[in-house]
Amino acid sequence: QLHSDVDKGDGSIKYILSGEGASSIFIIDENTGDIHATKRLDREEQAYYTLRAQALDRLTNKPVEPESEFVIKIQDINDNEPKFLDGPYTAGVPEMSPVGKCKIHCWCKLSFHSNVFACATIDISCLTAGVIKTALPNMDREAKDQYLLVIQAKDMVGQNGGLSGTTSVTVTLTDVNDNPPRFPRRSYQYNVPESLPVASVVARIKAADADVGPNAEMEYKIVDGDGLGVFKISVDKDTQEGIITIQKELDFEAKTSYTLRIEAANMHIDPRFLSLGPFSDMTTVKIIIEDDDEPPVFTSRLYSMVVSEAAKVGTIIGTVAAHDPDASNSPVRYSIDRNTDLERYFNIDANSGVITTAKSLDRETNAVHNITVLAMESQNPAQIGRGYVAITILDINDNAPEFAMEYETTVCENAQPGQVIQKISAIDKDDPPNGHQFYFNNTATVLTRRNGFRRQEQSVFYLPIFIVDSGSPSLSSTNTLTIRVCDCDADGIAQTCNAEAYILPAGLSTGALIAILACVLTLLVLVLLIVTMRRRKKEPLIFDEERDIRENIVRYDDEGGGEEDTEAFDMAALRNLNIIRDTKTRRDVTPEIQFLSRPTFKSIPDNVIFREFIWERLKEADVDPCAPPYDSLQTYAFEGNGSVAESLSSLDSISSNSDQNYDYLSDWGPRFKRLADMYGTGPDCLYS
């Protein structure tokens, strides 16, 4: 409250207020000078306000005293509860930690900056300053790995009337290696086929360890047993399983079972927990080898044999042998894989495995034959073993020597006697061990013996050369060397070897030949152009549809519509026997005798016998399970009990009372003479 000494209480003085928060937060009663707050004050937002007040004459509005300044200070009350700065909190502590192990610091902000008193539950004791420590020993992560704590902080040192705040603390027990590995079983047994390839997985075993992470990492090793060199064990880093694999091929006939002693041990051992026992465990694994029906096995992977190319058909080359490795020791039969012997040069005895020649051999065609021999079990031909045979063909002297190449020999017309015109060499397809040696009846160098040659007299000389090899027995051959007489320049280089060069006139020049060729090509182009134009102007040979007066054959592959298709034919003709049949003229008889045909009936009475016969057959078809499920044509050879024309048989015709006249048969010619005699009415031919 403000009050001026000049104020007599008669209302002549009024008070005004200015400064921070005036009129908005604070107002003044202009008559009494009382200052009031218009809204709730918060010390945490603003602790004090500076205001100015002045007393004025109400009539003149002039100050009666100097302006005075004063400060309004906001007093604090306990209106803010404690608040945790970083909650909720999470932390971890190793399992099996001793009592008093420091856990976590909980920081709390209070309005009066008073001390913090933290209260915790469940195995946790609390100290001042919010430090949480373990309250129980031997907390086991495997039993419970997480705790949720609610922490409360009170101001006013926990006295009545104080405010409080809460937060949560999640405490996770971290793992330590306090559990040794243990196998669930003391022994294991696995069956493995002997055909399992090397490096295949035989079994997976795992020792249980309640720990996690690195504390559960284990190593496995085979410490004893009779399969140390046959099997090995490794660890799967992801699952910590021990993987047993094969190192060598298994053979049931050699050994039927193996026993392994396997140890599993932790890799990271904590010395604090050695008293809990050895951090390793042992188990026994027995592996039983199952017998498989194996294919026959040859005594050697590769057989090497030799045979002379002069060997006769049926010559024995060698023998292969195979046996059944199974306990049954089934007999083996042999054959040659003909994909490796397409020409069928060799045969093999199915029982003994003796390989013989089946054809004449030629070393020059194929010096080495690589064949595959198949061995099959007699009791199970599907079991096939394969052996490989390399047959080397030994050479004999069966090829005569011959020229090494085709020689093109020339001699100049002006050649001098003794001039060398050609050097020749010979080859032999045979393969002697010390190389080829040949003997010529002429020297290997061809020389001229006379002075000069004339093409007009003889343009080509044929020189026979006799070659003999050094084989035993030796072979020989006569080869012909063709020598052409040529016109040579001063250096002895052949220019022309054509004998007609002196007879024919001088040839045309190159330019003339090119001109002639160009003319011929031009004429060919013109001819082709004219032919093309004529073909375009030619009318097509195919007539228009309106002009086509020839008969056309049109083929339709359309199928009928079945029983429901009543448009393709007259259903009444199939269902009603009383139909009118028109007389149709036959085309296979002459018109002159058509009037002699028997008259046809224009109407046929309703024959009950045929109707009943057809309906019985329809019923049989309907109930027949073997009848086709589609439309079919049923043909019945049923003549009925009689007809208007009576019997058509010639039997009993003599005794028939029919008045039919068959005299017209005699007019049909010699071919119908016998019928005319049989059915004619003349008395002289009745019994002819």
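A salt bridge is a side-chain nitrogen of Lys or Arg within 4 Å of a carboxyl oxygen of Asp or Glu, and the structure holds 15 salt bridges. The model is a predicted one, in which local features need pLDDT of at least 70 and side-chain atom pairs count only at pLDDT 80 or more, while totals for chains, interfaces and linings use all residues. Residues are numbered from 1 along each chain as its sequence is written, and side-chain values use heavy atoms, with hydrogens and water left out.

To describe their surroundings, a residue is called buried under 20% relative accessible area, exposed over 50%, and partly exposed in between (1.4 Å probe, protein chains only). Arginine 141 and glutamate 142 meet with their closest N and O atoms 2.9 Å apart. Arginine 141 has a relative accessible area of 14% and is therefore buried, whereas glutamate 142, at 26%, counts as partly exposed. Arginine 363 and glutamate 364 form another salt bridge, at 3.1 Å from N to O. Here arginine 363 is buried, with a relative accessible area of 14%, and glutamate 364 is partly exposed at 23%. Salt bridges with shared partners also join Arg43, Glu44 and Asp76 into one network.

The salt bridge of arginine 186 with aspartate 281 has its closest N and O atoms 3.1 Å apart. This pair links distant parts of the chain, 95 residues apart: arginine 186 lies in the loop between strand S14 (164-174) and S15, and aspartate 281 lies in strand S21 (residues 280-290). Aspartate 281 is buried, with a relative accessible area of 10%. Strands, like helices, are DSSP runs numbered from the N terminus (helices are H or I, at least four residues; strands are E, at least two).

The sheets come next. Two strands are said to pair if DSSP finds at least two bridges between them. Strand S21 belongs to an open sheet of four strands, in the order S15-S21-S20-S17, with mixed pairing. Strand S15 (187-193) and strand S17 (218-225) are at the edges, and each has a single partner strand, so one side of each is left without a neighbour in the sheet. Within this sheet, S17 and strand S20 (residues 257-266) pair in the antiparallel sense over seven bridges. Lysine 221 has glutamate 263 in S20 as its bridge partner.

A second open sheet has three strands in the order S16-S19-S18, with antiparallel pairing. Its edge strands are S16 (201-205) and S18 (231-235), each of which pairs on one side only. S16 and strand S19 (residues 242-246) are joined in the antiparallel sense over four bridges; arginine 204 has isoleucine 243 in S19 as its bridge partner, and isoleucine 205 stands opposite glycine 242. S18 and S19 pair in the antiparallel sense over five bridges, with isoleucine 233 and isoleucine 244 as bridge partners. The hairpin of S18 and S19 has six residues between the strands, and glutamine 240 takes a positive phi near 60° there.

How enclosed is S19, and why? Five of its five residues are buried, so S19 is largely enclosed by the rest of the structure. Both of its faces are covered: Gly242, Ile244 and Ile246 are buried on one side, and Ile243 and Thr245 on the other.

Cysteine 412 and cysteine 488 have their sulfur atoms 2.0 Å apart, and their link is left-handed, with -90° about the S-S bond. The pair joins distant parts of the chain, 76 residues apart, with cysteine 412 in strand S32 (residues 409-412) and cysteine 488 in strand S38 (residues 476-488). Both cysteine 412 and cysteine 488 are buried.

The other disulfide joins cysteine 486 to cysteine 497, S to S 1.7 Å. The torsion about its S-S bond is about 105°, so this disulfide is right-handed. Cysteine 486 is buried, at 0% relative accessibility, while cysteine 497 is partly exposed, with a relative accessible area of 29%. With bonded cysteines counted along the chain, the disulfides follow the pattern 1-3, 2-4.

Terms used: Disulfide = S-S within 2.5 Å.
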